[in-house]
Amino acid sequence: MTDYRIKPKEKVVVLTGAGISAESGIKTFRDENGLWRNWKIEEVASYDAFTQNPSLVWEFYRMRYLQLSEVSPNPAHHALAEFEDKLAGRYTLITQNVDGLHLEAGSRHVLEMHGSLRRTFCDNCGKKYATNEINVHEEVPECKICGGNLRPDIVWFGEIPYSLDKIEAAMQGCDLFLVIGTSGVVYPAAGLLSIARSNNSYCIGVNLDAPSNLGLLNEFHQGKAGEILPKLLNELTGEF
Ligand code: OAD
């Protein structure tokens, strides 16, 4: 499958997208029947949309939040959690996903660059809440402190992703970069592969379809992450 073996001091960075959660039953965005086929990005995924129609925005995120109680991590999430244990201290997981499934699978150092459905905050006073401590069934959930509109802690289009400083630092020292289950069209995440290549990191992709930046990969493994990753990650750490 791969001839690459991680050497003792090498550092690994992993970037995941919606495809890694597909086998848990969570829809991706751009595949056939993906979320952006049925919802308009501009109506639910920007701050302007939230100020104009917060009910519609909440309808979208409520549906996605409530689904979380019905899904669990799949073999791809579990394989990455075990991979982190073997690479203690030499591993960074960056995810564009907001479902929290990497943390649920036991990954500890996860940079959720697009936020999380499991958190909300007040648009008026900034008070933070875990989503499970608010009344998510209210049309637009309200802040208990100031009565302002709560919003999901999601990085919308036009907003700055989280942890960019940590992501940049991880990319600088990266020897092996794995990019899994992402179409590679949303920046800045999509630009990390070019950064990895210009730093001479070895780049491996795992995806159901060929991603838009396929040409930048040293190796591409086409298929389902839950089927490919358990074996691939063992090979990378030298176990079969
Ligand atoms: P996309 O829906 O754009 O891409 C998902 C990718 O996963 C596709 O290339 C699929 O081929 C692949 N895929 C599907 N099932 C798979 C499986 N079982 N195993 C491996 N790969 C599989 O999702 P993202 O690239 O994550 O942002 O989208 C990036 C961002 O766009 C999201 O974080 C979201 C969205 O708009 C915000 O909402 C801010």
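Predicted model: local features only at pLDDT ≥ 70, side-chain atom pairs only at ≥ 80, totals over all residues.
Residues are numbered from 1 along each chain as its sequence is written, and side-chain values use heavy atoms, with hydrogens and water left out.

R108 lies in the loop between α7 and β3; helices (H or I, at least four residues) and strands (E, at least two) are DSSP runs, numbered from the N terminus. Not counting residues up to four places away in sequence, R108 touches E84, D85 and L103, contact meaning heavy atoms within 4.5 Å. R108 and I204 are 96 residues apart in sequence, and their C-alpha atoms are 22 Å apart in space.

S107 is placed in the loop between α7 (101–104) and β3 (110–112). With a relative accessibility of 3%, S107 counts as buried; buried means under 20% relative accessible area, exposed over 50%, and partly exposed in between (1.4 Å probe, protein chains only). Apart from neighbours within four places in sequence, S107 is in contact with L80, A81, E84, L93 and H102. For S107 and E84, a separation of 23 residues in sequence corresponds to 6.9 Å in space, C-alpha to C-alpha.

## Helix α5

Helix α5 covers residues 54–67, and its 14 residues should span 20 Å at 1.5 Å a residue; the end C-alpha atoms are 20 Å apart, which agrees. The expected span is 1.5 Å times one less than the number of residues in the helix.

The buried residues in α5 are P54, V57, W58, F60, Y61, R62, R64 and Y65. An α-helix has 3.6 residues a turn, so residues three or four places apart point the same way. Cover for the buried residues of α5 includes the helices α2 (35–38), α3 (41–44) and α4 (47–52), together with the strands β4 (115–122) and β6 (150–154).

## Two buried serines

S116 lies in strand β4 and is buried, with a relative accessible area of 2%. The side chain of S116 reaches the backbone nitrogen of R118 at 3.0 Å. Beyond its neighbours within four places in sequence, S116 is in contact with V98, D153 and I154.

S24 belongs to the loop between α1 (19–22) and α2, and its relative accessible area of 13% makes S24 buried. A polar contact of 3.1 Å joins the side chains of S24 and N74. Residues up to four places away in sequence aside, S24 touches V71, S72, P73, N74, H77 and L101.

## The ligand site

Of the 24 residues around the ligand, A18, F29, R30, T182 and S183 come nearest; a residue is near a molecule or strand if one of its heavy atoms lies within 4 Å of it. The shell around the ligand divides into 9 nonpolar, 10 polar and 5 charged residues. Here Ala, Val, Leu, Ile, Met, Phe, Trp, Tyr, Cys and Pro count as nonpolar, Asp, Glu, Lys and Arg as charged, and the others, Gly among them, as polar.

An oxygen atom of the ligand is 3.2 Å from a polar backbone atom of Q96, and one is 3.4 Å from a polar backbone atom of G181. At D209, an N or O atom in the side chain is 2.9 Å from an oxygen atom of the ligand. Taken alone the ligand exposes 800 Å², of which the protein buries 96%; accessible areas come from the Shrake-Rupley method with a 1.4 Å probe, and for residues only the protein chains shown count as cover.

## Backbone exceptions

Most residues other than glycine have a negative phi, and most peptide bonds are trans. The peptide bond from Y187 to P188 is cis, with omega near 10°. P188 is found in the loop between β7 (176–180) and α9 (192–198).

S163, which is not a glycine, has a positive phi of about 60°. S163 sits in the loop between β6 and α8 (164–172) and is partly exposed, with a relative accessible area of 23%. N200 also has a positive phi, near 65°. N200 lies in the loop between α9 and β8 (202–207) and is exposed, with a relative accessible area of 70%.

Technical notes
Polar contact = N/O pair within 3.5 Å; in protein donor to acceptor, adjacent residues only side chain to side chain.
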